[in-house]
Amino acid sequence: KFGYTWEKRKDFMTTPELVTITKPDDWHLHLRDEIALETTVPATSRVFGRAIVMPNLKPPVTTVKMALDYRARILEYKPLNSNFNPLMTLFLTDNLDPDEAVRLSTEESVVAIKYYPSGATTNSDTGVTDIKNVYPVVEKMAELGIPLLLHGEVTEDHIDIFDREKVFIETILAPLIERYPELKVILEHITTKDSVEFVESQSSNVAATITIHHLLYNRNDMLVGGIRPHLYCLPVLKRNIHQASLIKAALSGSPKFFLGTDSAPHTKPEKETSCGCAGVFSAPAAIELYTQFFMEQNSLSKLEGFASFFGADFYGQPRNQEKITLENIPWRMPDQYQLGDVPTVPIFAGQTINWRLKDDIET
Ligand code: NCD
Ligand code: ZN
């Protein structure tokens, strides 16, 4: 058994039967492409109003035209009764034309540019090799108010994988913000105390997303008693003091920290192998697990800001009008879903989750 490594609050009193919040958004999501969309789109659109769709396809999404074509493919798999609005991003390369940022600013549904250090993670080979190469486009983004989304890890061989986020902040992010203080920056899927403290110390132009798996787990959950490949993600899970800091940030009510699942499915054969892929497929239980987490932390009143308000506010998007309701009815997460005809293992596979989305057509 793994999960629930945080200490439950002693003052927890009663559990309500229903929790209703404004419809949430997922500010960091991988939907993949083609037949995978048949699984990934409904898994998110069943509950989230909008999602920031990551551009790390093969080949990566590097133009506004590619982003709009990808968005059209996504919408083909949107259930008829859903008004899910995928918000697209461009993949930043060393030679992205600043004019592409100008084009982006005229398209409502393409909203941000994603920085991957070259080689940092899945499909990131064509990422940025030196931050100086992208100064011209970053300058344009600062001018136009386009958020830069950061995979915050350096990739140098000699830097330990557990230190890569911290070194990124020191060597890349801090100087970048100093150079472009007007730039809107989101440090994605933060995993360390260092990131929490850095984001807190910065202006309101700097925010961070926090995944459910980095709140629920630390590296012991992944490594003690055997390697659990389905908990392997990037940035990799850190030690428990970092998890504790992320928990504090998520529950703090600070608008700088908001929900981004980083749900990133890989097939079971790609994960359960001698060199397994990084990524946790959390979309099928994302809001349920965030709700369970906030509940167990006796901080339910902080869920709605984190899940439904702060991200929209940061992106300058309207808050959703609709509501969703979760019921305190335990259900068992399936052992696997299908990505096309290949199985993929979700977070909490085969385990019980205490909160269930009301009227969820999926369950
Ligand atoms: C992501 C993926 O598989 O696309 N993997 C991950 O572990 N988070 C890429 C990413 O966001 O780093
Ligand atoms: Zn991601």
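View 1. A backbone N or O atom of G279 lies 3.3 Å from an oxygen atom of ligand 1, a polar contact being a pair of N or O atoms within 3.5 Å. Taken alone, ligand 1 exposes 310 Å², of which the protein buries 100%, with accessible areas taken from the Shrake-Rupley method with a 1.4 Å probe. From the side chains, an N or O atom of H266 is 2.8 Å from an oxygen atom of ligand 1, and one of H151 is 3.2 Å from an oxygen atom of ligand 1. This is a predicted model in which local features need pLDDT of at least 70 and side-chain atom pairs count only at pLDDT 80 or more. Residues are numbered from 1 along each chain, and ligands are numbered from 1 in the order in which they are written.

**View 2. The shell around ligand 1.** Ligand 1 is surrounded by 15 residues, the closest being N56, T121, L234, D262 and H266, where a residue is near if one of its heavy atoms lies within 4 Å.

**View 3. The zinc ion (ligand 2).** H28 (NE2), H30 (NE2) and D262 (OD) coordinate the zinc ion at 2.0 to 2.1 Å, donors being N, O and S atoms within 2.8 Å of the metal (3.2 Å for Na, K and Ca). Along the chain, these donors follow the spacing H-x1-H-x231-D.

How values were computed
Side-chain values use heavy atoms; hydrogens and water are left out. A polar contact is a pair of N or O atoms within 3.5 Å; within protein, one must be able to donate a hydrogen and the other to accept it, and residues adjacent in sequence count only if both atoms are side-chain atoms.
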